[in-house]
Protein chains: 2
Amino acid sequence: MTNKSAAQPRRRASRAGLPPRMAVAVDLVILTLREDTLCALAIERGIAPFRGRWALPGGFVRAGESLEAAALRELEEETGVDAARAGHIEQLATFGDPQRDPRERVVSVAYLAIVPDLPEPRAGGDARDARVLPVATLLSGKVPLAFDHARILDAGVERARAKLEYSSLATHFCAESFTIHALRRVYEAVWGAPLDGPNFHRKVLNTPGFVVETDQMSSGGSGRPARLYRRGGAIQLQPPLLRAEPRAP
Amino acid sequence: MTNKSAAQPRRRASRAGLPPRMAVAVDLVILTLREDTLCALAIERGIAPFRGRWALPGGFVRAGESLEAAALRELEEETGVDAARAGHIEQLATFGDPQRDPRERVVSVAYLAIVPDLPEPRAGGDARDARVLPVATLLSGKVPLAFDHARILDAGVERARAKLEYSSLATHFCAESFTIHALRRVYEAVWGAPLDGPNFHRKVLNTPGFVVETDQMSSGGSGRPARLYRRGGAIQLQPPLLRAEPRAP
DNA sequence: CTCACTTATTGTCAGTACGACAATAATAGG
DNA sequence: CCTATTATTGTCGTACTGACAATAAGTGAG
């Protein structure tokens, strides 16, 4: 050890000269609504490590491929959904604990994707099975997730919850056109709390650029038909749709 | 192209077997207030590439070192501020464009740090100079930043602006104890807009857990002495301190 | 010591937004 | 035609907001 400082008079030499190389992966939190329940795509791993455990879809970033491109490629590989059909995709956070992958150092950049009407996935590649499962099930601990994927999923769900307040993210859970009621069910599913129908209705319509009216109405259901709306141009909601805390009497 | 699928019967084989390794770095957006102006720490690079250009402080992640540990280590190396004295540090985003570093593929995880009373930095290591410069100057384009650091800095400033609304981040720009006026100057500097003093005062005191009263008063200035407060336990502000849009008459 | 000046803090007030909930509208099914 | 069901609009009291006036409590000049 005595030769260490002698060989490296500049204390940063080892860092600047020889940074360690690491594998870089992307993992995806793909959220969708199934029967008014917030669900995420999960993969049953067919190979070690964590063989047989559920995990988030993901894979390694290729040489010359941007992080976003890797995320979109994985999204399409695992779900068949291309970038156009994905409602929304954004970077979530990066997880780089030295021990998070038992094989070797892997730094994983997590992405959050929202897909309306996610098709039933098919297993393929390293996956033994692939399913859309309720987020509550995946986070309950009864089905332990591989790696640190429980933390990643939790971060994704929290991000979605927060962004519903001040962005138009909720519309990306819906199809091209939707009713205000459907939009409210998105909020209720993601937040896990009921909202007052009439007040929600008014707030959405009073938020400029959130939704735009179409001349079509919903059909088929029981009760009065509802007007259909499309996503408006707004990205940020002004004013935000804050989570209501019940008023004290 | 015809031999591509023939050579790889399993389309994932190359990915699962041989992920490319990349250098992983952390870059820091270190924000502080100097004379009511939002400033960031910048380094004048002493080595190629971008020699002579200003850049954000940062460095490579070491083997066996977590991302957060690398960020804290760089923070201390560049400013002498240890984790305890840093008001706040959080992961910002990860930048991984294949071309962002001309030498080789480098994936950089950016961190946002808030430091009250940032000491005047000293140049060292690869840096020819180190200074605390106004964010407006750094983002004006007059002093082009190295790599994609302008984007990173912009992301950091935007994060800080957003978080002032719904978190107690602003208190981390202040020293241990501070006046409401000082807190307001933080908001005004970061948002770049003046706020109404009396209304701000009331809002801060009506937000539970934002600040806690001390029994001390400010001294020395002209005018009535102000009560000193400390950071409260709240992390999220409920209700949030929304950026006021001027009321239409 | 008194007064002008400066800054901190509290008050006032009208307009607005919100949550709770009532009322009305529009369809389907019997 | 009647009822059940859902959509949409109204009502109302409270709370909050922004604009700004008023008061409190120091400093420094003379």
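**Two chains and their contact**

Reader: Which order do the strands have in the open sheet of three in chain B?

Author: The order is β8-β10-β9, with antiparallel pairing. Strands here are DSSP runs (E, at least two residues) and helices are runs of H or I of at least four residues, both numbered from the N terminus. Two strands pair if DSSP finds at least two bridges between them.

Reader: Which ones are the edge strands?

Author: β8 (177–178) and β9 (211–217) of chain B, since each pairs on one side only. β8(B) pairs with β10(B), residues 227–231, over two bridges in the antiparallel sense. There, B:Phe178 has B:Tyr229 as its bridge partner.

Reader: And what kind of model is this?

Author: A predicted one, where local features need pLDDT of at least 70 and side-chain atom pairs count only at pLDDT 80 or more, while totals for chains, interfaces and linings use all residues. Residues are numbered from 1 along each chain as its sequence is written, chains are lettered from A and ligands numbered from 1 in the order in which they are written, and side-chain values use heavy atoms, with hydrogens and water left out.

Reader: OK, new topic. What rotation puts chain A on chain B?

Author: A rotation of 180 degrees with 0.0 Å of shift along its axis, giving an RMSD of 0.0 Å. The same surface serves both, as 100% of the contact residues of chain A recur in chain B.

Reader: How many residues does the contact take from each chain?

Author: It takes 43 from chain A and 43 from chain B, where contact means heavy atoms within 4.5 Å. Together the chains bury about 3,500 Å², 51% of it on carbon and sulfur atoms. That area is the accessible area (1.4 Å probe) that two parts lose on being put together, summed over both.

Reader: How many salt bridges cross the interface?

Author: Two, by the rule: a side-chain nitrogen of Lys or Arg within 4 Å of a carboxyl oxygen of Asp or Glu. One joins A:Glu104 and B:Arg21, with the closest N and O atoms 2.6 Å apart.

Reader: Which element of chain A gives the most to that side?

Author: α3(A), with five residues.

Conventions
Copies are superposed by least squares on the C-alpha atoms of residues with pLDDT of at least 70 in both.
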